[in-house]
Amino acid sequence: MRKPLGIIGGGNVGEALIAGVIQSGLFSPEEVRFSEPRPDRRDYLREKYQAPAAKSNLDLVAHTPILILAVKPQSVPEVLSEIGPALKKDHLLISICAGVPLDYLQSYCRQPIRMIRAMPNTPALIQKGATALAPSPQAKAEDLSTAEAIFQAVGITVIVKESLMDAVTGLSGSGPAYVFAAIEALAAGGVKEGLSQEAALALTTQTVLGAAHLIQSTGKHPATLRDQVCTPGGTTISGLYAMEEGGFRLALMNAVISATRRSKELGEALRTTPRPSSPGGAKKRKGKK
Ligand SMILES: NC(=O)c1ccc[n+]([C@@H]2O[C@H](COP(=O)([O-])OP(=O)(O)OC[C@H]3O[C@@H](n4cnc5c(N)ncnc54)[C@H](OP(=O)(O)O)[C@@H]3O)[C@@H](O)[C@H]2O)c1
């Protein structure tokens, strides 16, 4: 793998990636560089991970062949108008920015750039993420392998076509929130039946973890595992019947469909957002050294 790795934006996911690639041994601390406008955040990351901070985004682009764009989607026009013209054919740009299409990133560049669009989720912060990866037409097989290795340092990866990235956002990107809501509701049911808050939450969380591990470790379909625990006339089928009455499965399917639609809308809105007036004319940020 080409080195060093450059991370633009040392926020939540930027930090998770710095931690993941160093802790997995994929990169040594000095092989992971980052750019981050907030001096206090820069110092924190440098001290915690011993990873060198770049002087600027352009400094990072000039000295790192693999770049991860980890800024908020609304910062993308500013950052791309700055770095886009400096990107060269031998760069690999990996973007984790939700709802930002690859051709939009490419439109800021002077030449065709090898890119991968990645959609991780919040459990990546504890190396339990699920990331979908979609390559640009210029990306090579080795670029996809590089991205897989980086995101496998913070969880699992799947490869999809870019046209499915909105569906990924609606499923695994937003998915942790659906699971949090389900855990909260299950625990509330336990409390209603007399369990303490603490016991109900501990039992629910471990039940969800255990059930998910069971699917992964057996490779069995969840419907098979569900049927295995349904004794005819028993308690579990009775609970499942109540869930069907409440439209549980339809509600989850609709959650994914609705979030996917919203992701598409946000991507479209980005295309109509006015661009920073001059290329390279990124706004000066308060507090930036
Ligand atoms: N969080 C998730 O679970 C998740 C999941 C999937 C995808 N994503 C995507 O990941 C990206 C990052 O999300 P996040 O949660 O890590 O956001 P975040 O914590 O706000 O991190 C973004 C970082 O970029 C910095 N930044 C802003 N402008 C910059 C510039 N011009 N040059 C360099 N750095 C700049 C920000 O600094 P300041 O704080 O000073 O502005 C901040 O430290 C987003 O595009 C999001 O859509 C996140």
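The peptide bond from K3 to P4 is cis, with omega near 0°. K3 also has its charged end over the ring of F27, 5.5 Å from the ring's centre; the criterion is NZ of Lys or CZ of Arg within 6 Å of the ring centre and within 35 degrees of the ring normal.

Quick housekeeping. This is a predicted model, where local features need pLDDT of at least 70 and side-chain atom pairs count only at pLDDT 80 or more, while totals for chains, interfaces and linings use all residues. Residues are numbered from 1 along each chain as its sequence is written, and side-chain values use heavy atoms, with hydrogens and water left out.

On domains, an automatic or database assignment divides the chain into domain 1 (5–165) and domain 2 (173–268). Their centres, taken over C-alpha atoms, are 32 Å apart.

Now, the core. By core I mean buried Ala, Val, Leu, Ile, Met, Phe, Trp, Tyr and Cys joined through side-chain atoms within 4.5 Å; buried is under 20% relative accessible area, exposed over 50%, partly exposed in between, with a 1.4 Å probe and protein chains only.

Next, strand β6, residues 129–135. Five of its seven residues are buried. On one hand, β5 (residues 114–119) runs antiparallel to β6, with four bridges, and R117 stands opposite A134; strands pair if DSSP finds at least two bridges between them. On the other, β6 and β7 (residues 155–159) run parallel, joined by five bridges, and G129 has G155 as its bridge partner. The chain gets from β6 to β7 through helix α6 (residues 141–152), in a right-handed β-α-β crossover: clockwise from the first strand over the helix to the second, with the strands pointing away from the viewer.

Q50, in the loop between α2 and α3, has a positive phi of about 60° without being a glycine. Q127, in the loop between β5 and β6, also has a positive phi of about 60° and is not a glycine. Buried or exposed, then, for Q50? Q50 counts as exposed because its relative accessibility is 55%.

Key. Helices (H or I, at least four residues) and strands (E, at least two) are DSSP runs, numbered from the N terminus.
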